[in-house]
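Here is a brisk report on selected contacts, charge pairs and backbone features. Keep the structure open while reading.

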Amino acid sequence: MPFSKLILKPGKERSLDRFHPWIFTGAILKKEGKINDGDMVEILDYQQNYKATAFFQSENTICAKIFSFNGEKGDYNFWKERITQAYALRQQMGFTENPENNVYRLINAEGDGFPGLIVDIYNKVAVVQFHSLGFYKIKENLVKALQEVLGNELTAVYNKSKSTLNCEEELPEGWLLGKVKMPVSIIENGVNFLVDIIEGQKTGFFIDQHENRKLLGRFSENAKVLNLFGYTGGFSCYAIKNGASLIHTVDVSTSAIAMTEENIKLNTKENSVHQGFVRDTFEFLDNTDEMYDIIVVDPPAFAKHQRYIDNALKGYRNVNQKALKHLKPGGLLFTFSCSQAVSAMDFRTAIFSAVALEKRDAQIVFQSGHSADHPVSIFHPEGEYLKGLVLRVL
């Protein structure tokens, strides 16, 4: 059955000539054939030349997400081959079949040729987030392909897409294959965690900080560490595993701090060096006299859209300036932005302003992003959302 078609306005095919995978609503001249949300469609330029094949979704500003520039039809074998390629990359990068690690991102949306799909692996449990109704419609085929590719490395699949699918109909979350009790036990770089994939943020854990947590561990011996916006204690557990002398974890969520305490216990017989605080980060910084050797500032996205960038940059500047007041001379500031709308240069400028306002001197000793299981397509720079700086502050 032939696909329906989207005809582009003159000149709007230029981004496709550079293999960018998005089509915005304003680029569409007309539709040919009946098109429902989630349907596969062919994209034609103004002269009716084929350019790409995509999933359509009218509710989104990005109305078409491209998965092929070569005319493939998006059948079962096509997606199975793409999953195979994604798994091969994680094998090459050392994430799979590793006794020290059983958590990684298997499919990173556009970065793996699946625009609108995330799949994270937690100890043989796959958590799927559909950001595209098109992938939701073929979920049975995707689960079958995951089973074939992963084999006995997969026991269950959970759909966690309530907050990510933008469509009129509210589609249910739940188990697509098997079922396991919460929380799931995982190991990352030899550090143990419990993860609630159902109630936790994102898919349950911030897997993209894999390498940054490992880096913090290198400097944690005998250090006093403050983990702000600490969630379930990812950075805190690396600190205690590597011999920190004091660790404070701050988060506004009572359940997150409770899980942090459980995670700390998994990694040490002596947890008296750790204390969790259910508190707003700004309030905590305004009311503590403690000085630290390492401070982690890893807030949620301050700007999810371009129109909020100015406020976001003020937020990054303010929280980092307050954190610097509690960092010892020669201490390390691990600071991050996960806002896709904020550029690396804008984020760096906000941190520069925080240091300057505190009249401190600082050296950038590391610049980081997400780990290798979060690949970014060279044609889709928007996928590079996580920005990190490690400063030595004098």
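Leaving aside residues up to four places away in sequence, Val252 touches Val278, Arg279 and Asp280. The model is predicted. Val252 sits in the loop between strand E15 (246-251) and helix H7 (254-267). Its relative accessible area is 61%. The cut-off for exposed is over 50%, so Val252 counts as exposed. Val252 and Ile197 are separated by 55 residues in sequence. In space, their C-alpha atoms are 19 Å apart.

**Salt bridges**

How many salt bridges does a search of the whole structure find? The search finds 14. Side chains of opposite charge can pair when their charged atoms come close.

| Pair | N to O distance |
|---|---|
| Glu42 and Lys73 | 3.4 Å |
| Lys80 and Glu148 | 2.6 Å |
| Arg105 and Asp120 | 2.6 Å |

Take the salt bridge between Glu42 and Lys73. Glu42 belongs to strand E4 (residues 40-44). Lys73 belongs to the loop between strand E6 (62-68) and helix H2 (76-92). The pair therefore ties together parts that are 31 residues apart in sequence. Is Glu42 buried or exposed? Glu42 is buried, at 13% relative accessible area. Lys73 is partly exposed, with a relative accessibility of 49%.

Next comes the salt bridge of Lys80 with Glu148. Lys80 is in helix H2, and Glu148 is in helix H4 (residues 139-150), so this pair ties together parts that are 68 residues apart in sequence. Both partners have a stated accessibility. Lys80 is partly exposed, with a relative accessible area of 26%. Glu148 is also partly exposed, at 41% relative accessibility.

The side chains of Arg105 and Asp120 form a further salt bridge. Here the pair ties together parts that are 15 residues apart in sequence, because Arg105 lies in strand E7 (residues 103-108) and Asp120 in strand E8 (residues 117-122). Arg105 is buried, with 12% relative accessible area. Asp120 is buried too, and its relative accessible area is 0%. Which residues do salt bridges with shared partners join into one network? That network consists of Lys5, Glu42 and Lys73.

**Helix packing**

Helix H9 (residues 309-324) packs with helix H10 (residues 344-357). The angle is about 40°, and the axes are 8 Å apart. Why is H9 called oblique to H10? The packing angle of about 40° makes H9 oblique to H10. Angles under 35 degrees would count as roughly parallel. The crossing of the two helices, H9 and H10, is right-handed.

On the H9 side, the contact is made by Leu313, Tyr316, Arg317, Asn320, Gln321 and Leu324. On the H10 side, the residues are Asp346, Phe347, Ala350, Ile351, Ser353, Ala354, Val355 and Leu357. By class, the contact of H9 with H10 has nine nonpolar residues, three polar and two charged.

Ala344 also lies in helix H10. Ala344 is partly exposed, with a relative accessible area of 48%. Ala344 and His248 are 96 residues apart in sequence. Their C-alpha atoms are 28 Å apart in space.

**Backbone features**

Which two residues does a cis peptide bond join? The bond links Met182 and Pro183, with omega at about -5°. Pro183 is in the loop between strand E11 (174-177) and strand E12 (184-188).

Positive phi values come next. Asn222 is not a glycine, yet its phi is positive, near 65°. Asn222 is placed in the loop between helix H5 (210-218) and strand E14 (224-228). Asn222 is exposed, at 58% relative accessible area.

Phe229 is not a glycine either, and its phi is positive at about 55°. The loop between E14 and helix H6 (234-241) holds Phe229. Is Phe229 buried or exposed? Phe229 counts as buried, with 19% relative accessibility. The cut-off for buried is under 20%.

Conventions:
Residues numbered from 1 in each chain as written. Predicted model: local features only at pLDDT ≥ 70, side-chain atom pairs only at ≥ 80, totals over all residues. Heavy atoms only, no water. Axes fitted to C-alpha atoms, helices over the stretch in contact; angles between N-to-C directions. Helix = DSSP H or I, 4+ residues; strand = E, 2+ residues; numbered from the N terminus. Parallel < 35°, antiparallel > 145°, perpendicular 65-115°, else oblique. Left-handed = near helix turned anticlockwise from the far one by under 90°. Contact = heavy atoms within 4.5 Å. Nonpolar A, V, L, I, M, F, W, Y, C, P; charged D, E, K, R; others polar. Salt bridge = Lys/Arg side-chain N within 4 Å of Asp/Glu carboxyl O. Buried < 20%, exposed > 50% of the residue type's maximum accessible area, 1.4 Å probe, protein only.
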